[in-house]
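Here is a friendly note to read with the model open beside you. Take the points in order, and look up each residue as you go.

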Amino acid sequence: MNSSGYNRRKAVVVGAGPVGCLAAMSLAKIGWSVDIYEGRPDMRLPSSKAAAQQRSINLAISARGLAAIQAIDPGAADRFLSTVIPMRGRMIHDAKGRLESQPYDRDGQCINSISRAYLNEDLLKEALAVPNIRVFFEHKINSIDFDRKKLSARNAATGEDVDVQFDFCVGADGSYSVVRRQLMRVVRMDYQQWYIPHDYIELKMPAGPPKERGGDPTYLLDPNHLHIWPRHTFMLIALPNKDKTFTCTLFAPTADFDRLDSDETILKWFKANFPDALPLIGEQALLDDFHRNPRSSLMSIKAKPYHYKDRAVILGDAAHAMVPFYGQGLNCGLEDVRVLDILLREAQVDPTSQVPEGKEDSRLAAALAKYSETRHQDLVAISDLAMNNYVEMRHSVTTLSYRFRKALDNLLYSLNFRHVTAKDVVPALSNKTFSTSVRGWLPLYTMVTFRPDISYATVVRKHKRQSEILEAAAWYTGAATIAGMAGITCITLWQRLYNRP
């Protein structure tokens, strides 16, 4: 019995990453007693921070992720926003070092750069500030019996195995999820996992010298852009950090990485492909990062369903790992929490109402079934969009056809009677999943990144219809151009023939 005079049912959240922490806060808010189990040590320890700096891609959090945090804890969202660096567009670096700024949104909306470690620490602190949440670090899950509502975990500090009873289990334990694997034993789960033939490695661009003696360090690049060096089959990107450095990530085919097998080869390749980036990173720093930082693979996962009865659900990468090229992996995972929170409240799930042994909580089971049914098409949609956006980032952004379509897309967008921004829609998203009516012409990037009220599946359907219009416009423009050129050629030939002596 707790201090409020009633019994709370226990929810266990496996994984103390951003999605797991927000899920714990969501469940605690509606009355669950929540225990978080994390296999890694406390991320706030200096040793954990050093390890994190070598393994994670910088995160770009946008309206969907922010809307989710706002829906669960408005105060946390306000504090969080003060720590990010806004990026208002892409800065394209061509092979000769020339720059081209491509704004993300005509209304000035931006995505935000933040380190994974900082975001995770911030949400963990917010979770631990909630009275009915506890966290157990260095507890690796061995097995889960969903029918008996019991999990077994190994305490790495003591070497002991501990058994934990629960009423509801949330798996937010990443791409290699133990909870997902355990669910496969009791659920007929459709599951796909594949690696793309590209790897990535992280590099560090240092801060620049102070502008005046005794002043603060400076940025070597414009900090309000996501910098991209597109090179057709590979690319380098750079995101700003608060300490005036940039976290750079090189994405390239696995075969290309395999050929970079000596210091001489690495430097020669960078000089040929990124002549303006190499002096900023520094040759020795580049080589040190290549030798020290891990080279990692890129994986995509699709699964269905995401739940089992009233016992468990998987969220975030555990349910839908995706490649990082739309910057939506984190945002989508946080949105999972917001959507599930709304469905649980709509179903009037009461975690203070005890369920007889051997019986199901019909309301919880119905809410989880609705989550699996309605969320799947959205998760497939964004996974496919993320894969497609890699081609755009590493190649399409440099082509004339892309620029023409982008200009026409923005022109049609500008004709909308009223522009709806994230600020307009976020307040309503605490109590509804998505808008049922989406009006006007909207660019794909705007819908995905700045309109959290539009589901990913709706984004894909609307984009398909608009693409057909753009393709027709491009065809007619091309046909008119060819006809015009043919007409000019005919006139020129006729004039030459007419003027012949």
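Which residues does lysine 462 touch, not counting residues up to four places away in sequence? Point 1 takes this up, after a word on the model. This is a predicted model, in which local features need pLDDT of at least 70 and side-chain atom pairs count only at pLDDT 80 or more, while totals for chains, interfaces and linings use all residues. Residues are numbered from 1 along each chain as its sequence is written, and side-chain values use heavy atoms, with hydrogens and water left out.

1. **Lysine 462.** The residues in contact (heavy atoms within 4.5 Å) with lysine 462 are Val438, Arg439, Gly440, Leu442 and Met447, leaving aside residues up to four places away in sequence. Lysine 462 itself belongs to helix α17, which covers residues 456-498. Helices (H or I, at least four residues) and strands (E, at least two) are DSSP runs, numbered from the N terminus. Lysine 462 is buried and has no salt bridge. Its nearest side chain of opposite charge is aspartate 409, 10.0 Å away. For charge, Lys and Arg count as positive and Asp and Glu as negative; His and the chain ends are not counted. Buried means under 20% relative accessible area, exposed over 50%, and partly exposed in between, using a 1.4 Å probe and protein chains only. A salt bridge is a side-chain nitrogen of Lys or Arg within 4 Å of a carboxyl oxygen of Asp or Glu.

2. **Two packed helices.** Two packed helices are described by the angle between their axes and the distance between the axes. Here helix α3 (residues 63-72) packs with helix α12 (residues 329-346) at an angle of about 35°, and the axes are 8 Å apart. The axes are lines fitted to C-alpha atoms, for helices over the stretch in contact, and angles run from 0 to 180 degrees between N-to-C directions. On the α3 side the contact includes Arg64 and Ile72, and on the α12 side it includes Glu335 and Asp341. Sorted by class, the contact has 7 nonpolar, 2 polar and 4 charged residues. In this sorting, Ala, Val, Leu, Ile, Met, Phe, Trp, Tyr, Cys and Pro count as nonpolar, Asp, Glu, Lys and Arg as charged, and the others, Gly among them, as polar.

3. **Salt bridges.** Side chains of opposite charge can pair when their charged atoms come close. How many salt bridges does the structure hold? There are 26 salt bridges. One of them joins glutamate 100 and arginine 403, at 3.0 Å from N to O. Because glutamate 100 lies in strand β6 (residues 99-103) and arginine 403 in helix α14, this pair ties together parts that are 303 residues apart in sequence. Glutamate 100 is partly exposed at 27% relative accessibility, and arginine 403 is partly exposed at 37%.

4. Arginine 375 forms a salt bridge with aspartate 336, and the closest N and O atoms are 2.9 Å apart. Arginine 375 sits in helix α13 (residues 362-394) and aspartate 336 in helix α12, 39 residues apart. Are arginine 375 and aspartate 336 buried or exposed? Both are buried. Salt bridges that share partners join Arg64, Glu335, Asp336, Arg375 and Asp378 into one network.

5. **Backbone details.** Most residues other than glycine have a negative phi, and most peptide bonds are trans. The peptide bond from lysine 304 to proline 305 is cis, with omega near 0°. You will find proline 305 in the loop between β17 (296-304) and β18 (307-308). Lysine 149 has a positive phi, near 55°, and lies in the loop between β9 (139-145) and β10 (150-155). Histidine 232 also has a positive phi, of about 70°, and its loop runs between β14 (226-230) and β15 (235-240). Lysine 149 is buried at 16% relative accessibility, whereas histidine 232 is partly exposed at 46%.

6. **Methionine 87.** Where is methionine 87? Methionine 87 lies in strand β4, residues 85-87. Methionine 87 counts as buried because its relative accessible area is 0%. Its C-alpha atom is 6.9 Å from that of serine 113, 26 residues apart along the chain. Among the residues that methionine 87 touches are Ala60, Tyr104, Ser113 and Leu239.
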